[in-house]
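Hi everyone, thanks for coming. Let me put the structure up on the screen, and then we can walk through a few spots together.

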Amino acid sequence: MKNMKKKGELHPSNPHKGKYNFKSLIKSSPELKGYLRKNPRGEDTIDFSDNNAVVLLNKALLKTYYNIDNWDIPKGFLCPPIPGRADYIHYIAQLIHGKNNNIRVLDIGTGANCIYPIIGSQSYRWDFVASDIDPKSIENAKKIVGANKNLKNKITLKLQKNRSNIFEGIIEEGDRFDLTMCNPPFHASLEEAINANKKKVDNLSKGNSKVKKGLNFGGQKAELWCPGGERLFLKKMVKESLKFSTQVTWFTSLVSNKDNIRPTKKLLEKLEAKDIKILEMSQGQKVSRVLAWTFKG
Ligand SMILES: C[S@@+](CC[C@H](N)C(=O)[O-])C[C@H]1O[C@@H](n2cnc3c(N)ncnc32)[C@H](O)[C@@H]1O
């Protein structure tokens, strides 16, 4: 697959490459101005451990790059870093060779933020079905879609009523999807999720005693964990995907823990997937990957 990016950089089609342009972001969202800080090099930044600042940055990015005027999330819900989420969209666009005509995508676990359908529909004009097991997330995502003219008729939200199902109950008879995508719950227990969140906040807020600890990225409730964590979620997704092998062209999932790639790939080989790809994404020091598979020859 053609990949002309340098190590540590976002996908070449990602509009968030390089540093945030706070001057233009403030123009579209003046509220962000009050949260600007200088970094040690004297450049504008925000305090990324401050939840309010990160939510305002997201509002500004969504307005500036995706024409989304009305976006918000309830307190305590996952506030997604937009550049990394956009990278997933641009990488899977390669699987369908950048096609944007009549493309249907299923986002499993869209969250209250509905971030992938927003970026995918505005970057490539894809149509989305998006699911979640959390009624509050679906309710908020519906609110976002209803409040933005350019999202109406592009995104359909569906509540997954059985939390042990992934595609079942969401993909209907006669449906077809070019792509499915998912950012799976990572942790295996609520306690593990809370501890990891605390560590992240501690790291981000080093030397800043004013930061309201534990609030920043939110999502510490059901959004970030499921029994068995990421590995079991992937296993379930792969097993269930076989049942929908003729209705979906490419199944994909983010895999945060690289140790989960091998067992998942092994299972896919056992199920005789026709093609399996690992798309490596990197942003600075952080590396993550998308696992993609198809049963179509
Ligand atoms: C890590 S969050 C991702 C949220 C959003 N897509 C993002 O990237 O910011 C995982 C989401 O999956 C949802 N979820 C967990 N199990 C699910 C299932 N079986 N079907 C659909 N969604 C599920 C959770 O409620 C949560 O919103």
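Let's begin at Glu272, which sits in the loop between helix 8 and strand 8; helices (H or I, at least four residues) and strands (E, at least two) are DSSP runs, numbered from the N terminus. Before going on, a word on the source: this is a predicted model, where local features need pLDDT of at least 70, side-chain atom pairs count only at pLDDT 80 or more, and totals for chains, interfaces and linings use all residues. Residues are numbered from 1 along each chain as its sequence is written, and side-chain values use heavy atoms, with hydrogens and water left out.

Back to Glu272: although not a glycine, Glu272 has a positive phi of about 60°. Glu272 is exposed, with a relative accessible area of 61%; buried means under 20% relative accessible area, exposed over 50%, and partly exposed in between, with a 1.4 Å probe and protein chains only.

Asn67 also has a positive phi, near 55°, and is a residue other than glycine. You'll find Asn67 in the loop between helix 2 (51–66) and helix 3 (82–95). Asn67 counts as exposed, at 55% relative accessibility.

Now to helix 8 itself. Which residues of helix 8 (residues 261–270) are buried? They are Ile261, Thr264, Leu267 and Leu268. Those residues cover an arc of only 135° around the axis, so they lie on the same side of helix 8; the arc is that of the directions from the helix axis to the C-beta atoms. The face turned away from that buried side carries the exposed residues Arg262, Lys266 and Lys270. The cover over the buried residues of helix 8 includes helix 7 (229–241), strand 7 (248–255), strand 8 (275–283) and strand 9 (286–294), where contact means heavy atoms within 4.5 Å.

Last stop, the ligand. Around the ligand there are 20 residues, and the closest are Arg85, Gly109, Asp132, Asn165 and Asn183; near means that one of a residue's heavy atoms lies within 4 Å. On to some individual atom pairs. The side chain of Asp132 has an N or O atom 2.6 Å from an oxygen atom of the ligand. For the side chain of Asn183, an N or O atom is 2.8 Å from an oxygen atom of the ligand. The protein covers 98% of the 600 Å² of accessible area that the ligand has on its own, computed by the Shrake-Rupley method with a 1.4 Å probe.

Thanks, and happy to take questions!

Methods
A polar contact is a pair of N or O atoms within 3.5 Å; within protein, one must be able to donate a hydrogen and the other to accept it, and residues adjacent in sequence count only if both atoms are side-chain atoms.
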